[in-house]
Amino acid sequence: MRKSPVIAVLALLMIPSLAFAGGGGEEPAPEGPVTVTLGYNAFLSSTFTDAPAPIDAIRAELARQYPDIVLEYETMAQDLLDTLIIWMTSQDTTVDIYGIDEPWVTQFGRAGWAVPLNEALPGLDERFSESGLETFSYEGDRLGVPFWGSVTGLYYRTDILDEYGFEPPETIDEMVQIIQAVQAEDPEISGFLWPGARDEDLVMYYSTLLHAFGGSYLNADGSYAFDSEASREALEFMRQSIETGVSPQVVQNWQRTEARQRFAGGNGIFLWDNNDLVIWLDDPEQSQISGNWDLMPFPAQPDGEEVSITGGFAFAVNPFSENQEAAMRVMEVISSEAVQKGFALAWGPVQYFDGLYEDPEVQNFNPNVDRLIPLLERATNRPPSESYAQLSGMLQEELNAAVTGTRSIDSVLASMAERAQALRD
């Protein structure tokens, strides 16, 4: 059920001390418009459909609700993190609102680089799913309003499984057995496709496997568990899937694009990837497997856990902003159904606004969105870190060494644990 606009209005009225007139009317409202600057990369002005770009959707709703606020859009470089770290450490006021990536939340939350939204935007918990808000929370503080997200899963060829009489696999072992049975009859087909290159996608794939084999990121004492038995099994599966032909050897050099292209081209049984393929795998101009695929949570071993690794961005408020009151009003607009719907129409799923995908227009722009519900129920963040860029870079290097066989798995496991802990000391 779509939420009533009355809820949004009531939530807005609950925001404490956001009136420009100041507390108790002691100061007059400023004359003229107030400018709020939002910083994000160039994608905000892009649309992948015939719907308006998200920046236009934000401005349109802002003009409707708060015509006295002007929104400026600061186009930032694609790699936002380095710039934001410089700005925050110098208490820069260039932007009032900025885009924050999910892996940066621990770092920004610990440093106090994002204004907690719990009291200023109390309606968030009523409007957004818990998984979306938790992705951008630190120690109970809501630090961001999600506007786009992603979850990972396992794509599979329904026609191939039907032809050979198989049901979708419930464990990793079952997936391997299916692949080996099909390849015995058709040795040219690729079995399981995934990105093994030194890239962030490899960290997300490893995170999937770590949980699937029963592991977790941290030990009970808070230290990293990258040298656990489950981590060993995850790395061994990566290596062995290549050595046994379950996965083609070239996956060790692949980024996500190459893996999905082979799957969409019809030469693959299974694919680990993000959810965004659902909007074009049935497009005959881009896919040769239209109508012959499905998506499910990545299977786990009997003692493991099925997880969908999250990605995506939220908007956060700069604690050094000189326009925090107006910035909060812009954040309220961004959290509205109208703007969240604008992102869904222009960019596709995932938005975490409750009930959004029950909207017929959103469903029309987002085919197969119903396949994402089981993935969202299993949403899990990437490894926590106060220095995620360094942690991810280290993991990419070590994991790729395990995938390519340039180092032993024992060596990689020990190095991952040691180097990860060094980042925390």
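First, the ground rules. This is a predicted model, with residues numbered from 1 along each chain as its sequence is written, and local features need pLDDT of at least 70 while side-chain atom pairs count only at pLDDT 80 or more. Totals for chains, interfaces and linings use all residues, and side-chain values use heavy atoms, with hydrogens and water left out.

pLDDT is the predictor's confidence in each residue, on a scale from 0 to 100. The protein chain averages 91, and 93% of the residues score at least 70.

Next, the core. A residue is buried under 20% relative accessible area, exposed over 50%, and partly exposed in between, using a 1.4 Å probe and protein chains only. A nonpolar core is a set of buried Ala, Val, Leu, Ile, Met, Phe, Trp, Tyr and Cys residues joined through side-chain atoms within 4.5 Å. In soluble globular proteins, nonpolar side chains tend to be buried together. Here the largest nonpolar core has 137 residues, and Tyr40, Tyr98, Phe192, Trp194, Phe270 and Phe315 touch the most other members. Take Phe192: leaving out residues up to four places away in sequence, its contacts include Leu154, Met175, Tyr205, Phe237, Phe270 and Trp272.

Now the helices. Helices (H or I, at least four residues) and strands (E, at least two) are DSSP runs, numbered from the N terminus. How many residues of helix 12 are buried? Nine of the 11 residues in helix 12, which spans 324-334, are buried. Among them are Met328, Arg329 and Glu332.

Two helices pack against helix 16, residues 388-404. For the angles, axes are lines fitted to C-alpha atoms, for helices over the stretch in contact, and angles run from 0 to 180 degrees between N-to-C directions. Under 35 degrees counts as roughly parallel, over 145 as roughly antiparallel, 65 to 115 as roughly perpendicular, and the rest as oblique.

The axes of helix 9 (residues 200-212) and helix 16 come within 8 Å and cross at roughly 75 degrees. Helix 9 is therefore roughly perpendicular to helix 16. On the helix 9 side the contact uses Glu200, Leu202, Val203 and Tyr206, and their partners in helix 16 include Tyr388, Leu395 and Leu399. By class, the residues of this contact are seven nonpolar, three polar and one charged. Nonpolar means Ala, Val, Leu, Ile, Met, Phe, Trp, Tyr, Cys and Pro; charged means Asp, Glu, Lys and Arg; the others, Gly among them, are polar.

Helix 10 (residues 229-243) also has an axis within 8 Å of that of helix 16, and the two cross at roughly 40 degrees. That makes helix 10 oblique to helix 16. Leu235, Met238, Arg239 and Ile242 in helix 10 meet Leu399, Ala401, Ala402 and Val403 in helix 16. This contact has seven nonpolar, no polar and one charged residues.

Some single residues next. Phe108 is in helix 4 and counts as buried, because its relative accessibility is 0%. Beyond four places in sequence, the contacts of Phe108 include Leu81, Met88, Tyr98 and Trp113. Met88 lies in helix 3, residues 80-89, and is buried at 1%. Besides Phe108, the residues touched by Met88 include Asn318, Pro319 and Phe320.

Pro116 is in the loop between helix 4 and helix 5. Is Pro116 buried, exposed or partly exposed? At 40% relative accessibility, it is partly exposed. Leaving aside neighbours within four places, Pro116 contacts Asp141, Arg142, Leu143 and Met328.

Last, the backbone. Most residues other than glycine have a negative phi, and most peptide bonds are trans. Glu139 has a positive phi of about 50 degrees; this residue sits in the loop between strand 4 and strand 5 and is exposed at 70%. Asn368 has a positive phi near 70 degrees. Asn368 is in the loop between helix 14 and helix 15, and at 17% counts as buried. Finally, a cis peptide bond joins Pro349 and Val350, with omega about 25 degrees. Val350 is in the loop between helix 13 and helix 14.

Terms used
Contact = heavy atoms within 4.5 Å.
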